[in-house]
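Trainee: Could we walk through this structure together? I am new to it and would like to learn by asking questions.

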Amino acid sequence: MRRRMGAVAVALVVGLAVLPAGAGAPRDLLDEVLARGFLFVSTDPNYAPQSFINARGEMDGFDVDVAKEVARRLGVRVQFVTPAWEAIVSGRWGGRWDVSIGSMTITEDRQKVLHFTPPYYFTPAQFAVHKANTRFRAVTDLTGRRVGVCGGCTYELYLRGTLKLVGETVEFKVRNAVIRTYETDADAIQDLALGDGVRLDAVLSALPTLVFAIKRGVPIKLLGDPVYYEHLAFAVDRFSLRDPTRFVQRLGEIVQAMHADGTLTRLSLKWYGVDLTKKK
Amino acid sequence: MAHAGEAAAIEQAVSRRLAAFARAQQIRLALVWVGLAAALGWLFARFRFDYGFMVGWAAFLVRGVPITIGVSVVSITLALVLGLVAALGRLSGNPVAHGVATFYTSFIRGTPLLVQVYLIYLGLPQLGIVLDAIPSGVAALSINYGAYIAEIIRAGILSVGRGQVEAALSLGMTRTQVMRRIVLPQALRVVVPPVGNEFIAMLKDSALVSVMGVWELTFRATKVGRQYFRSLEMLVFAAAIYWGLTILFSTLQSRVEGRLARAYER
């Protein structure tokens, strides 16, 4: 961070409108990361068990472990930054961080502003209802009902019927749901927990998130089978100040290698209790 | 002689009565506070909070307090400087200074703080200016509060009688000297209470810098709350800390006000 602050000071002093290139040939993002010796990773600690703050007050979870391993394979140290999710998915990071390792679903819209690596794991999108519920027996029963989702995420787009996933055809089973959006899935889950039909009839979220909530004693239960599978990948800013092509390529190679040598499977078992690194 | 002694006795009796009355008023005040606090406590008790959980995360939450206070103190200081400059600009006869100052206060007071936070955090990097999260937060809060404080300082300056300024000028002081020696010291007394109020508001508004990933009080409370699906517990806990801080700083503020009021006491 300090190095970049220095660069900024220089940029301000000479009155340039763009970040100054290093001496000699302009370096790309991969060179920049390697030279700096630090990988800045954004991850949103709102989503246990993939990214959260542990009892010691440190970043922990599946994504955090994956990020540490990626940095190790790049031969640099990792530094986490924790901006709001909107700031991450909107792209145009201005060089604040290099990569998002935050269980981001690959969507066509996001591809307009972000580069994605091949998926590092897959999560089932799943409906849940209050524990006391007896009204709904199948996902299709939720038609016209109040469903809570995180705002701007794939679950909202699914309910709107506009979700376009890369590598997956989506079948929209719930029609005309009354969509209630929240800042995060956890907020929706807590609202559902108030009681059956008090504020919400159901939530749509990631299966691991729901399972985790149930494990923490939240009175909800799963409804039906997963409705689609999300392909989750690392993301890199398409409008990066430095050319990200080789960096994205290198990250992709690391993902493939971590699939091949079982690292991702091991971490998935550690955090989710199941292997989510293979589709279905 | 006897007459004088009688007067003194009456005066003594009156002051005793007044003191007794003041004490009784204070006791009533304390009782109202205790009663309301008990009512609030009863309300929260019905929320069935997990107090063990709250105590377990207390240390983690409290570590956000220095960041909250630090960001607020630095921001209010910078905001005072900005506010003074903008107030002088608004009062100035120079059309450029006046225009810049009025445009600044209009734009800043007319747009939400959260939008300004994002403009600085995500907008400035598009121009190649990448400030870290905390400096971005301090910049957003200072620029925002500077606009409001400008109005406070302007009011403070205008509260000093025109006659005093004319008198000082006729004594041969320059305009700068009049401002520094006559107007500003008197304006200060008028300005301190509302600025203290702004600072107290800022303590809570500093929560908005959490969207940039600054681990201050609100950031910590929301992250832990969501992770354990106990957001209400953590938010109420954070609220209690904010309230405590506010009580602390308003006590400090009334001390400062007391000092500045000394010259005006009979």
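Trainee: In which helix is Ala139(B) found?

Mentor: Good place to begin, and keep in mind that this is a predicted model. The helix in question spans residues 133-158 of chain B. Ala139(B) therefore belongs to α7 of chain B.

Trainee: Which residues is Ala139(B) in contact with, leaving aside its neighbours within four places in sequence?

Mentor: Contact here asks for C-beta atoms within 7 Å. With those sequence neighbours set aside, the partners of Ala139(B) are Ile120(B) and Leu131(B).

Trainee: Moving to chain A, why are the buried residues of α10(A) on the same side of the helix?

Mentor: The buried residues of this helix, residues 263-272, are Thr263(A), Leu264(A), Leu267(A), Ser268(A) and Trp271(A). They sit on the same side of α10(A) because the arc they cover around the axis is only 130 degrees.

Trainee: Which element gives the largest share of the side of chain A that touches chain B?

Mentor: Chain A brings 34 residues to the contact and chain B brings 20 residues. On the chain A side, α1 (2-14), β2 (52-53) and α7 (185-192) each supply at least two residues. The largest share, five residues, comes from α1(A).

Terms used. Residues numbered from 1 in each chain as written. Chains lettered and ligands numbered in written order. Predicted model: local features only at pLDDT ≥ 70, side-chain atom pairs only at ≥ 80, totals over all residues. Contact = placed C-beta atoms within 7 Å. Helix = DSSP H or I, 4+ residues; strand = E, 2+ residues; numbered from the N terminus. Buried ≥ 20, exposed ≤ 12 C-beta atoms within 10 Å, placed from the backbone. Arc of directions from axis to C-beta.
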